[in-house]
Amino acid sequence: MKLNIAVLKGDGIGPEVVDQALKVLDAVATKFGHEVKLTEALTGAAAIDAVGNPYPEETHQACMAADAVLFGAIGDPKYDNNPSAPVRPEQGLLEMRKRLGLFANVRPTFTFASLLHKSPLKQERIEGTDFICLRELTGGIYFGDKGRKDDGNTAFDTCIYTREEVIRLAKMGFEYALKRKKKLTLIDKANVLETSRLWRETVQAMEKDYPEVTVEYELVDAAAMRLVQWPKHYDVMITENMFGDIITDEASVIAGSMGLMPSASVGVHTSLFEPIHGSYPQATGKDIANPLATILSLAMMFEYAFNLQDEAKAIRDAVDKSLAEGVVTEDIADGAKAYKTSEVGDWVAQNI
Ligand code: IPM
Ligand code: MN
């Protein structure tokens, strides 16, 4: 099969970890007989530096023309403490999500048998955790009206949702639940927010179309607590943009390292695959960042964008083997020998 992939390495450790996933991609293509076409494009601070725009038109066209996008990370500390920077790398990410119509961010949380002891949570509480959070990605407070008034002394961000936006995300949630343990949890703040009441009312109305799915409604503050007390409770969660941002970072510690969790963003146009960790500037260029989240994001690409399940499994098996045999970076090496980013990439590629 022809695999036409746009590669957006981005900032910080993005280029290093994406390079490892590309080694694995090459190994998979050779083993399974696929032809790969890569188109690299600029994004984030790297794109601001080069052309003054964090999501240049050329990059958008490369994404639109591809079958899938492999994405590294966006962000640069030189913008973090400068609230008045005229253009920020993160704007590129938001614009990309909007223009590609990536309304659902699929973030799985699962554990690795060989890493249970690395989690800050008790082993018996997390063993067997396996859920998916579908975070709405192109609406809510991220995209509503925002601004200043009263000479800059008052600021506002508006959370806004339409019923259609809720329906398309919830539909995806019900469909995931049908393929899994048939349990769906809507996370909201319906005791306070009108948008949350719209979410709740809309999902309640959809329940009758999915009689096999058990639906549960949970307030986000309670969910934040239960997530670390008993994560096995969850199967498929659906939630709005900002709650999903926060809840999925919280969920990522269950597995023991943020460097392990992949994600897929899907919607109207080309789907995008990225590790959930950020640009990790402190590690940039040191060859120490964990490439496994990006490699597992590549596995999700094979599964979601190309429907090639054997290829995805080959990648996951090689990753499991690297964890079991201790071929890992310093974040999970646990006092044992730590391998370099590039060594882990080579090892996983060789074990495809
Ligand atoms: C994420 C990130 C982004 C978000 C930032 C970088 C804008 O935290 O992908 O979760 O908040 O969506
Ligand atoms: Mn986030």
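Predicted model: local features only at pLDDT ≥ 70, side-chain atom pairs only at ≥ 80, totals over all residues.
Lys 146 belongs to strand β6 (residues 146–149) and Asp 157 to strand β7 (residues 154–157), so the pair ties together parts that are eleven residues apart in sequence. Asp 157 is partly exposed as well, with a relative accessibility of 46%.

The general idea is simple: side chains of opposite charge can pair when their charged atoms come close. Take Glu 35 and Lys 2, whose side chains meet at 3.9 Å, N to O. With Glu 35 in strand β2 (residues 35–40) and Lys 2 in strand β1, this bridge ties together parts that are 33 residues apart in sequence. Lys 2 counts as exposed, because its relative accessibility is 57% and the cut-off for that label is over 50%.

Now hop over to Glu 303 and Arg 316, which form a salt bridge with an N to O distance of 2.5 Å. Here the partners come from two helices: Glu 303 is in α11 and Arg 316 in α12 (residues 309–324), and the two are 13 residues apart. Glu 303 is partly exposed at 24% relative accessibility, and Arg 316 is partly exposed at 29%. Salt bridges can also join up into something beyond a pair, as with Lys 9, Asp 19 and Glu 40, which are linked in a network.

Helix α11 leads us on to the inside of the protein. The largest nonpolar core has 69 residues, and those with the most contacts inside it are Val 24, Phe 302, Ile 315, Leu 323 and Val 348. The largest share of this core comes from α11 (residues 292–304), which supplies eight residues. Val 24 is a handy place to look around from: leaving aside residues up to four places away in sequence, it touches Ile 295, Leu 298, Ile 315, Gly 345, Val 348, Ala 349 and Ile 352.

Another helix worth a look is α5 (residues 89–99), where Pro 89, Gly 92, Leu 93, Met 96 and Arg 97 are buried. Looking down the axis of α5, you find these buried residues within an arc of 130°, so they line one face of the helix. What do the buried residues of α5 pack against? Their partners are the strands β1 (2–10), β3 (68–73), β5 (130–136) and β12 (271–275), along with the helices α2 (44–51) and α4 (77–80). Just after α5 comes Gly 101, which takes a positive phi of about 65°.

Finally, the cysteines. How many disulfides does a search of the whole structure find? It finds zero. For Cys 133 the reason is distance: the closest cysteine sulfur, in Cys 159, is 15 Å from its own, which is too far for a bond, because a disulfide needs the two sulfur atoms within 2.5 Å. Cys 133 is also buried, with a relative accessible area of 1%. Cys 63 is buried too, and its relative accessible area is 0%.

Methods:
Residues numbered from 1 in each chain as written. Chains lettered and ligands numbered in written order. Heavy atoms only, no water. Core = buried A, V, L, I, M, F, W, Y, C linked by side-chain atoms within 4.5 Å. Buried < 20%, exposed > 50% of the residue type's maximum accessible area, 1.4 Å probe, protein only. Helix = DSSP H or I, 4+ residues; strand = E, 2+ residues; numbered from the N terminus. Contact = heavy atoms within 4.5 Å. Arc of directions from axis to C-beta. Salt bridge = Lys/Arg side-chain N within 4 Å of Asp/Glu carboxyl O.
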